[in-house]
Amino acid sequence: MSDDNQTFVPPSFQALYRDARGRWTLPLRDVAARCELCEDLAQHLTEHCRGVHVDIGADAQDVLGRCLQGLLQPEAGVSSDEAHWIVTRLAELLNWPPPERPSTE
């Protein structure tokens, strides 16, 4: 990261934008901007998901699954990989077990 960009991009998010050789697939400033957007979404969804879990008694994994389904919609504005990252980060923020990502086999 350059000195003028103070956004921390965690390794788990960096992995979304690195190829097999570890090279960036987008300019670093774009990766940092995408990371900031995804982190903001996860933070924003935290209270809503906690409320759904407590108020209606929905299972934590169901709540995360519903969030993922919403984030996978084109109008959400995030890629599939970003959607999974957001939901995993959301689980981390809520101290819930991370959702299992279905295998693509």
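Is Asp19 buried, partly exposed or exposed? At 27% relative accessibility, Asp19 counts as partly exposed, where buried means under 20% relative accessible area, exposed over 50% and partly exposed in between (1.4 Å probe, protein chains only). This is a predicted model, in which local features need pLDDT of at least 70 and side-chain atom pairs count only at pLDDT 80 or more, while totals for chains, interfaces and linings use all residues. Residues are numbered from 1 along each chain as its sequence is written, and side-chain values use heavy atoms, with hydrogens and water left out.

**Overall architecture**

- The protein has four helices and zero strands; helices (H or I, at least four residues) and strands (E, at least two) are DSSP runs, numbered from the N terminus.
- Along the sequence the pattern reads α-α-α-α.
- The C-alpha trace spans about 45 × 35 × 25 Å along its principal axes.
- Of the 105 residues, 32% count as buried.
- Among contacts with a separation of 6 or more, 54% come from residues 24 or more positions apart, a contact being heavy atoms within 4.5 Å.

**Packing of α3 against α4**

- Helix α3 (residues 60-71) and helix α4 (residues 80-94) have axes that come within 9 Å and cross at roughly 150 degrees. Axes are lines fitted to C-alpha atoms, for helices over the stretch in contact, and angles run from 0 to 180 degrees between N-to-C directions.
- The two helices, α3 and α4, are therefore roughly antiparallel to each other. Angles under 35 degrees count as roughly parallel, over 145 as roughly antiparallel, 65 to 115 as roughly perpendicular and the rest as oblique.
- The crossing of α3 and α4 is right-handed; a crossing is right-handed if the near helix is turned clockwise from the far one by less than a right angle, and left-handed if anticlockwise.
- From α3, Leu64, Cys67, Leu68 and Leu71 meet Ala83, His84, Ile86, Val87, Leu90 and Ala91 of α4.
- By class, this contact of α3 with α4 has nine nonpolar, one polar and no charged residues. Ala, Val, Leu, Ile, Met, Phe, Trp, Tyr, Cys and Pro count as nonpolar, Asp, Glu, Lys and Arg as charged, and the others, Gly among them, as polar.

**Packing of α2 against α3**

- The axes of α2 and α3 come within 9 Å and cross at roughly 135 degrees, and α2 and α3 are therefore oblique to each other.
- The crossing of α2 and α3 is right-handed.
- Leu45, Cys49, Val52 and His53 on the α2 side meet Ala60, Val63, Arg66, Cys67 and Leu71 on the α3 side.
- The contact of α2 with α3 has seven nonpolar, one polar and one charged residues by class.

**Salt bridges**

- The structure holds five salt bridges, each a side-chain nitrogen of Lys or Arg within 4 Å of a carboxyl oxygen of Asp or Glu.
- One of them pairs Asp19 with Arg23, with the closest N and O atoms 2.9 Å apart. Arg23 counts as partly exposed at 46% relative accessibility.
- Arg89 and Glu39 also meet through their side chains in a salt bridge (2.9 Å, N to O). Arg89 lies in helix α4 and Glu39 in helix α2 (residues 28-55), so the pair ties together parts that are 50 residues apart in sequence.
- Both Arg89 and Glu39 are buried.
- Arg50 forms a salt bridge with Glu47, and the closest N and O atoms are 2.5 Å apart. Arg50 and Glu47 are three residues apart in helix α2 and thus separated by about one helical turn.
- Arg50 is partly exposed, with a relative accessible area of 32%, whereas Glu47 counts as exposed at 53%.

**Individual residues**

- Gln43 is placed in helix α2 and counts as partly exposed at 40% relative accessibility.
- Gln43 touches Arg89 and Leu93, not counting residues up to four places away in sequence.
- Gln43 and Leu93 are 50 residues apart in sequence and 7.7 Å apart in space, C-alpha to C-alpha.
- Asn95 lies in the segment after α4 and is exposed, with a relative accessible area of 71%.
- The phi of Asn95 is near 60 degrees, a positive value in a residue other than glycine.
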